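User: Please examine the structure below and answer some questions about its fold.

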Amino acid sequence: MSTFTFTTVPQIIAGPGSIARISELRALLGSRVLVVSDDGVVKAGLVQPALTHLAETGTETSIFAGVIADPPEAIIHAALAQAIEFGVTGVLGIGGGSSLDVAKLVALLARSGEALGDIYGVGKVTGGRLPLVLVPTTAGTGSEVTPISIVTTGADQKKGVVSPVLLPDAAVLDANLTIGLPPAVTAATGIDAMVHAIEAFTSASANNNVISRVLAKEALRLLGANITIAVENGADLAARQSMLLGSMLAGQAFANSPVAAVHALAYPIGGRYHVPHGLSNSLVLPHVLRFNAPACGDAYAELAPYLFAHLQSADQMERLSGFIEGLAMLPVRLNLPVRLRDVGIPKEGIPLLAENAMEQTRLLVNNPREMLLSDVADIYEDAW
């Protein structure tokens with residue numbers, strides 16, 4: 001048996017209404033808390049419950065609502081400046097993956113004093129961080145339980161900071177905060193979580209481990225059983241909570257058994273054409289699965305019944321084909337765009353996308369089948 005390590009968040013508070021328990025974390029966060037979010041989440045009233053419960057404990061809060069999708073370095077620096085000026089004792093991130101990623105970096109940089117440009121990559125962080133609590137308002141990124149923050153650098157490139165120091169002290173999963181999520185966002189973020197589970201299960205990383213694989217299966221079971229319900233009836237609290245839990249489990253899985261080519265090909269789509277991350281993953285997912293099938297078809301067949309229960313009694317080949325084609329048809333059923341051209345990507349943009357994807361070596365090294373530049377270009381062509 002191979003050796004492995006598995007790390008995750010020390011405390012998880014989950015269940016509808018659990019945001020009220022944020023007051024239990026007062027001793028952790030301290031008396032001056034920076035709340036990191038985006039304008040839409042704040043205007044939707046999703047930050048207010050946390051503010052109310054913290055105020056009851058005498059906590060002072062300052063809200064940074066300037067996060068945007070695929071946050072550039074300037075956003076992290078602006079949030080950091082506000083944190084330092086406020087004299088922050090702890091950081092609370094509330095929102096989608098971008099807000100949670102920014103909150104992680106603010107908590108780190110406000111304590112460690114490191115320069116953001118010095119910590120891109122794996123294991124480059126040397127300092128500590130401030131107390132950190134993360135509250136997702138989407139069920140997709142799993143950022144509340146991952147040691148990763150993704151930043152847009154320059155005009156359109158994405159880089160990651162990867163360190164166990166970024167794991168928060170606590171995550172709060174409250175389905176009430178996801179009720180207003182639009183159907184298209186619910187669908188895309190849900191597929192994003194599925195990709196996390198699939199890529200964690202099949203990762204070529206030396207740290208691919210039994211815990212991650214078990215979590216990936218349960219994540220797919222929860223996500224597969226609830227995504228259509230959550231998209232079609234966004235007020236279904238049970239489905240929403242199951243999606244949050246599935247997303248978190250997938251996050252725990254890939255935090256320890258890292259993702260691969262789907263994400264490597266998705267990042268340039270988001271960076272260059274500003275396509276949301278979950279949708280970017282969805283657009284290339286079935287094409288990467290078909291490419292990888294010769295190397296990990298047995299693993300895909302093993303996962304198939306967890307995501308598509310009707311494949312339970314199917315044979316190996318039926319499970320494999322049903323898994324790939326089922327995931328190809330899922331965005332169709334959920335009314336998402338399915339071709340690169342549907343989101344405004346020109347065919348002549350494919351060579352540059354392929355070159356950018358090949359730069360994602362941190363991710364491609366985990367793919368179960370080696371990818372050459374020509375393979376990546378072919379996948380984008382298939383997806384176009």
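**Questions on the fold**

User: How many bridges join β7 to β8?

Analyst: The model is a predicted one, in which local features need pLDDT of at least 70 and side-chain atom pairs count only at pLDDT 80 or more, while totals for chains, interfaces and linings use all residues. Residues are numbered from 1 along each chain as its sequence is written, and side-chain values use heavy atoms, with hydrogens and water left out. Strands here are DSSP runs of E with at least two residues, helices are runs of H or I with at least four, and both are numbered from the N terminus. β7 and β8 run antiparallel, and the number of bridges joining them is 6.

User: Which residue of β8 is the bridge partner of S149, and which strands are at the edges of this sheet?

Analyst: Two strands pair if DSSP finds at least two bridges between them. In β8, S149 has V161 as its bridge partner. The open sheet has 3 strands in the order β5-β8-β7, with mixed pairing. Pairing on one side only, the edge strands are β5 (121–122) and β7 (148–153).

User: Which residue of β9 stands opposite A14, and which stands opposite V133?

Analyst: β1 and β9 run parallel and are joined by 4 bridges, whereas 2 bridges join β6 (residues 132–136) to β9, also in parallel. In a regular strand the side chains alternate between the two faces of the sheet. In β9 (residues 170–173), A170 and V172 point one way and A171 and L173 the other, and all are buried (under 20% relative accessible area; exposed is over 50%, partly exposed in between, with a 1.4 Å probe and protein chains only). Opposite A14 stands L173, and opposite V133 stands A170.

User: What is the relative accessible area of Q11?

Analyst: Q11 lies in strand β1 (residues 11–14). Leaving aside residues up to four places away in sequence, Q11 touches L25, D169, A170 and A171 (contact: heavy atoms within 4.5 Å). Q11 is partly exposed, and its relative accessible area is 33%.

User: Why are the buried residues of α12 said to be on the same side, and which elements do they pack against?

Analyst: In helix α12 (residues 350–358), the buried residues are I350, L353, A354, N356 and A357. They are on the same side of α12 because they cover an arc of only 165° around the axis, the arc being that of the directions from the helix axis to the C-beta atoms. They pack against β8 (157–162), α9 (261–273), α13 (361–364) and α14 (373–383).

User: What is the radius of gyration of the protein chain?

Analyst: The chain comprises 14 helices and 9 strands. Its radius, taken over C-alpha atoms, is close to the 21 Å that the globule rule (2.2 Å times the number of residues to the power 0.38) gives for 384 residues, so the chain is as compact as a globular protein of that length. The radius of gyration is 20 Å.
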